[in-house]
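Biologist: Could we go through this model together? I would like to start with the metal site and then turn to the packing.

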Amino acid sequence: MGANPLTILGIETSCDETAAAIVRGVPPGPGTILSNVVLGQIAEHSPYGGVVPEIAARAHVEVLDDIVARALDEAGLGLADVDGIAATAGPGLIGGVMVGLVSAKALALAAGKPLIAVNHLEAHALSARLALGCEFPFLLLLISGGHCQLMAAEGVGRYRLYGATIDDAVGEAFDKTAKLLGLPYPGGPQIEALARTGRARRYALPRPMLGREGADFSFSGLKTAVRQIVREGTLGAQDKADLAASFQAAVVDVLADRIRAAMQIFRTEFGKENGTRRFVAAGGVAANSAIRKMLDTLCGAEGFVLSLPPPALCTDNGAMVAWAGLERLSLGLSDPLDAAPRARWPLQQADEPVQNTISRLGELAGL
Ligand code: KG4
Ligand code: ZN
């Protein structure tokens, strides 16, 4: 490969993880993770059963400088040694996004380095290239706390939506089900652990959208069915484990069906272009081992090569943000120091330049 590797500092503060990392590499990867520091805020949020935006933003402010210093330290580098500074600019909880983006701007200004305003969903989308190195195009399943989408990833900033949830995101369904079972936040890992000792056939839960045309998802009916069972009577420990296992099995079935539909669309659209058909899963829920096992079997049966980042790169982290910044900077893309944070920023618009703060404020004010 001719290109010189770039070294990027990445900052992630869009939800309840304060994270910073240094990554080095050349697209299409794999990249080298020189450091990857992630500090969760579970203790701060757990009394409330979910993430409280104001608490999250404040917690990011309190620790971010230290997390960035640790990331540089562990990589054995100073700011002068990096080629650019990337931060999540959205979508996410706006207070937290502002904390990370403003810090990145200050560091970029002080060190005279380019700023790269990263779309958090694109950071998830490209995490398989960071971890394993894989070429475009690929079929992407993005499953996190706020998102559930199937799309074709054609290139950096180029995504074609095949299907999305029409109500809850799958991570949200895990978190709400966990709450109903009296488990702490975040619910995904808790449900996964509990399901290990449960019987998945015990409760007949619905499989919303199964066999439906297109590749959209729905999870609210599943959550409602769980709520109904919880209301009907007192659940003992084994009942709870059975319900967790039954819920997880329903999610696995729904995902498999919707992915199969998307694979059919992908085959039609990319059949001739590419000998290898590739499938990538990303986002926090892709850390789930039952889902990972299903993906392995499904890809084998459908003739797709599965590229799955390790669990630690599925849940929010700074390395994926650094890598997305690295991919963009490699293409000559960087952002102005007045780039605006965005609460909403669909991945299909990842390539639209981030607006500057003044025009964004005008938009917010209805000007
Ligand atoms: O990507 P992520 O860390 O943050 C967002 O961008 O949303 O995803 C967080 C979501 C939460 O809903 C969490 O419960 C879920 O991912 N999650 C899991 C697992 N680990 C995290 N869901 C199921 N099984 C897991 N092992
Ligand atoms: Zn995320």
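Modeller: What follows concerns a predicted model, taken topic by topic.

Biologist: Which residues coordinate the zinc ion (ligand 2)?

Modeller: The donors are H120 (NE2), H124 (NE2) and D316 (OD), at 2.0 to 2.1 Å.

Biologist: How are the donor residues spaced in sequence?

Modeller: The pattern is H-x3-H-x191-D. H124 and D316 link distant parts of the chain, 192 residues apart: H124 belongs to helix α4 (residues 120-125), and D316 to the loop between α11 (311-314) and α12 (318-330).

Biologist: Are H124 and D316 buried or exposed?

Modeller: H124 is buried, with a relative accessible area of 1%. D316 is also buried, and its value is 16%.

Biologist: Changing topic, which residues are buried in helix α7?

Modeller: In α7 (residues 187-195), they are G187, G188, I191, E192 and A195. Seen down the axis, the buried residues of α7 fall within an arc of 135°, so they line one face of the helix.

Biologist: What covers the buried residues of α7?

Modeller: The cover includes α6 (170-180), α9 (237-270) and α10 (289-302).

Biologist: And in the largest nonpolar core, which residues touch the most other members?

Modeller: Of its 51 residues, these are L205, F219, I259, F279 and I291. The largest share of this core, 15 residues, comes from α9.

Biologist: What does F279 touch?

Modeller: Not counting residues up to four places away in sequence, the contacts of F279 include L139, L150, I259, M263 and L306. Apart from this core lies another, of 35 residues, among them L126, A128, L130 and L347.

Notes:
Residues numbered from 1 in each chain as written. Chains lettered and ligands numbered in written order. Predicted model: local features only at pLDDT ≥ 70, side-chain atom pairs only at ≥ 80, totals over all residues. Heavy atoms only, no water. Donors = N, O, S within 2.8 Å, 3.2 Å for Na, K, Ca; no water. Helix = DSSP H or I, 4+ residues; strand = E, 2+ residues; numbered from the N terminus. Buried < 20%, exposed > 50% of the residue type's maximum accessible area, 1.4 Å probe, protein only. Arc of directions from axis to C-beta. Contact = heavy atoms within 4.5 Å. Core = buried A, V, L, I, M, F, W, Y, C linked by side-chain atoms within 4.5 Å.
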